[in-house]
Amino acid sequence: MASSKPLLADLASLGVNHVPSNYIRPISDRPNLSDVKMSDASIPLIDLQDLHGPNHSLVIAQIGRACQFDGFFQIKSHGIPEDMINTILRTAIDFFKLPESERLKSYSDDPTKTTRLSTSFNVKTEKVSNWRDFLRLHCYPLEDYIQEWPSNPPSFRKNVAEYCSRVRALVLTLLEAISESLGLERDYIDKALSKHGQHMAINYYPPCPQPELTYGLPGHTDPNLITILLQDQVPGLQVLRNGKWVAVNPIPNTFIVNIGDQMQVISNDRYKSVLHRAVVNSDKERLSIPTFYCPSPDAVIGPAKELIDHDHPAVYKHFTYAEYYEKFWNRGLAKECCLDLFKNSTA
């Protein structure tokens, strides 16, 4: 019964002064926040303004380098208006401030549900909980899902639908650029996704009395193709670079783009899906809104044949995205990447 599984936001609002035991990580698996590098230039910042101008090939090269060496980059001049960004962040916080009984109308601990509010990651399979609540929505094709989204706040469906459509257009632009950076036809990745899929999450991380004991989300790679992250102005995202966790500080009106597991497969390991995590803090709530763009479940994913040769044999087998996604959710956020389960035995 949903009401017997209170959401973290409601627990945190009671003013707890310690982290309940089910959130405490083993000593070997804690954030070690004092070891995290603080860096302003932790990931590349790419200006998309020139993507359709005379410096097109320069921007393509920047994107290619970022995908190959960083797995993460930030983008500006992305075409999504500042007022739309502010509206979606405000809509998200308004949802999480609704009374518990209203929010729980969307509650489910079944990862196969296409619209659901839940807590942690996968409460059915995990041993330690994560310090977050999340609302997860499928959003492409919009007309297939919008009627199951929350109807409260009243503007929720309209605001989220407009945002989803704009982010999808941005993704399609990026996929053309990434295809081109790999030396593939510009529509190669688009065609590899079959009917396409788009999900988004609204992650809510309440203030945590002992942030050094737990995670918002532990280190993981994204199972999808590409992720477009909007975050508020509270830091929390960290990326693994050269064996060290590096904090990625928010820059207003930018998005963070990261390569997911499917892109690593299509690129035959040229582009990297990188471990990242969310940490929490003791005095501020944090909001992040990732859009996960993915193949449709029936799409068969494998390395692009143009990227396979004598020196670069196919690292991965072919598989359907449905197979991959099921493995990802059932394993939980295990340290090792789910990709390893789909490698060719000779790779």
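**Exercise 1. Find the volume of the largest pocket and the residues that line it.**

Step 1. The largest pocket has a volume of about 500 Å³. The model is predicted: local features need pLDDT of at least 70, side-chain atom pairs count only at pLDDT 80 or more, and totals for chains, interfaces and linings use all residues. Residues are numbered from 1 along each chain as its sequence is written, and side-chain values use heavy atoms, leaving out hydrogens and water.

Step 2. Know the term. On a 1 Å grid over the protein atoms alone, a pocket is an open set of points where a 1.4 Å probe fits, with protein on both sides within 12 Å along at least five of seven lines; lining residues have an atom within 4 Å of a point. The volume is the space filled by probe spheres set on the points, which are joined across faces, edges and corners.

Step 3. Count the lining: 28 residues. T112, H138, H199, P297 and Y325 lie nearest the centre.

**Exercise 2. Which element gives the most to this lining?**

Step 1. Elements giving two or more residues include β5 (133-140), β6 (197-205) and α9 (321-331). Helices (H or I, at least four residues) and strands (E, at least two) are DSSP runs, numbered from the N terminus.

Step 2. α9 gives the most, with six residues.

**Exercise 3. Is S129 buried or exposed?**

Step 1. S129 sits in the loop between β4 and β5.

Step 2. Its relative accessibility is 14%, so S129 counts as buried (under 20% relative accessible area; exposed is over 50%, partly exposed in between; 1.4 Å probe, protein chains only).

Step 3. List its contacts (heavy atoms within 4.5 Å). Not counting residues up to four places away in sequence, S129 touches N22, Y23, R25, S120 and T214.
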